[in-house]
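Reader: I would like to go through the labels used for this model and ask what stands behind each of them.

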Amino acid sequence: MTNENKLSFWEHLDALRTALLRIVIVTTLFAIVAFCLKEQLFAAILAPQQENFVTYRLLRTIGSWFAQPTHAPISVPLINTGLAGQFVIHMKAALAAGVLCASPYILYQLYRFVSPALYTHERRYAVRVVGGGYAMFLTGVVCCYFLIFPLTFRFLGTYQVSDQVTNLISLQSYVSTLMVMSLAMGLVFEIPLLSWFFAKLGFLTAAFMRRYRKHAIILILILAAIITPTSDLFTLSLVAFPMWLLYEISIGIVKRTATTDRSATSKSAPQSDAVNP
């Protein structure tokens, strides 16, 4: 920046206020649209509760390949226990959908606010990092919606300690569990990005991650137990397995990052030697 283009502290605050105001307006508009599209919104939210959900159909197809017996359709009804419960859930779901739909615009506004302080190569670097992190977060949300949450709901919704005890799953419990697990899995899928970042800073190596793999597995199980809203071993395994898989992928990413950095250093070394007398 030139001296003419530098902003004062208060001008920076005004730019941040403008960016936040735009974010709030766009998020609110998306939330209002989601609120008005109630049937479509809850058709997507309640889809894992339906017997014809794509995950269940796929599992039945795979079971037919191995001549597994076809199970009778399982119905897990949902109930509402509060007078204003359904309306409150409707507002929360609409707000969550608004934030999710507006998330690309939110990232754009934040990048637009920060980018003047970055060099040109740093801007390209930031775009790749933020874009990759956003894609990994969405991948985690999609994995939770289509795999982890449906299997968790089917297992816990049909589990009974006795035929005399009937499961009555509340809508509030269903929606809150879906949101918490989706957010948690979105953050979990950022493990490769964080590993790459620490490797670039020189804080993490592939040899270190392989040496402490057993310790990492124990930490993964503890973290999975913390972020899992239920206390059963089935859900814990569903959450812990992707985390372990991401850890193994992160080892490869860290190793490749170290190799790339060494190659770049070796290429620049002759140039630096040529300058020295």
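Reader: Why does Ala 47 count as buried?

Author: This is a predicted model, and the values are computed from it. Ala 47 has a relative accessibility of 15%. Buried means under 20%, so Ala 47 counts as buried. Ala 47 is found in the loop between H2 and helix H3 (54-65).

Reader: What makes Ile 45 buried?

Author: Its relative accessible area is 11%. The cut-off is under 20%, so Ile 45 is buried. Ile 45 is found in helix H2. From Ile 45 to Met 179 the C-alpha distance is 9.8 Å, while in sequence they are 134 residues apart.

Reader: What share of the protein is buried?

Author: Buried residues account for 30% of the 277 residues. The protein has 10 helices and two strands, and along the sequence they follow the pattern α-α-α-β-α-α-β-α-α-α-α-α.

Reader: Which residues touch the most other members of the largest nonpolar core?

Author: They are Leu 41, Ile 45, Ile 148, Phe 149, Phe 153, Met 185 and Val 239, in a core of 44 residues. Two or more residues of this core come from each of H2, H4, H5, H6, helix H8 (206-211), helix H9 (213-227) and helix H10 (233-275). H10 gives the largest share, nine residues.

Reader: How many aromatic pairs are there, and why is the pair of Phe 153 and Tyr 174 called edge-to-face?

Author: The structure holds 13 aromatic pairs. For Phe 153 and Tyr 174, the ring centres are 5.1 Å apart and the planes are at 85°. Centres within 6.5 Å make a pair, and planes over 60 degrees apart make it edge-to-face, so that is the label for Phe 153 and Tyr 174.

Reader: Which parts does the pair of Phe 153 and Tyr 174 tie together?

Author: Phe 153 lies in helix H5 and Tyr 174 in helix H6, so the pair ties together parts 21 residues apart in sequence. Phe 153 is buried, with a relative accessible area of 8%. Tyr 174 is also buried, at 2%.

Reader: Why is the pair of Phe 155 and Tyr 159 called tilted?

Author: Their ring centres are 5.7 Å apart and their planes are at 40°.

Reader: Why does Phe 155 count as partly exposed?

Author: Phe 155 has 30% relative accessibility. Buried is under 20% and exposed is over 50%. The value lies in between, so Phe 155 counts as partly exposed.

Reader: What makes the charge of Arg 154 sit over the ring of Tyr 56?

Author: The charged end of Arg 154 is 4.0 Å from the ring centre of Tyr 56. The distance cut-off is within 6 Å, and the charge must also be within 35 degrees of the ring normal. The contact is listed as a charge over the ring. Tyr 56 also belongs to one aromatic cluster with Phe 53, Tyr 145 and Phe 146.

Reader: Which residues are closest to the centre of the largest pocket, and how much space lies in it?

Author: About 820 Å³ of space lies in the largest pocket. Of its 29 lining residues, Ala 96, Ala 97, Leu 100, Val 141 and Ser 182 are closest to the centre.

Reader: How does the lining divide into nonpolar, polar and charged residues?

Author: There are 26 nonpolar residues, three polar and no charged. H4 gives the most to the lining, with nine residues.

Methods
Residues numbered from 1 in each chain as written. Predicted model: local features only at pLDDT ≥ 70, side-chain atom pairs only at ≥ 80, totals over all residues. Heavy atoms only, no water. 1 Å grid on protein atoms, 1.4 Å probe; cavity = no way out; pocket = protein on both sides within 12 Å on 5 of 7 lines; lining within 4 Å. Points joined across faces, edges and corners; volume = space filled by probe spheres on them. Helix = DSSP H or I, 4+ residues; strand = E, 2+ residues; numbered from the N terminus. Nonpolar A, V, L, I, M, F, W, Y, C, P; charged D, E, K, R; others polar. Phe/Tyr/Trp six-rings, centres within 6.5 Å; stacked < 30°, edge-to-face > 60°. Buried < 20%, exposed > 50% of the residue type's maximum accessible area, 1.4 Å probe, protein only. Core = buried A, V, L, I, M, F, W, Y, C linked by side-chain atoms within 4.5 Å.
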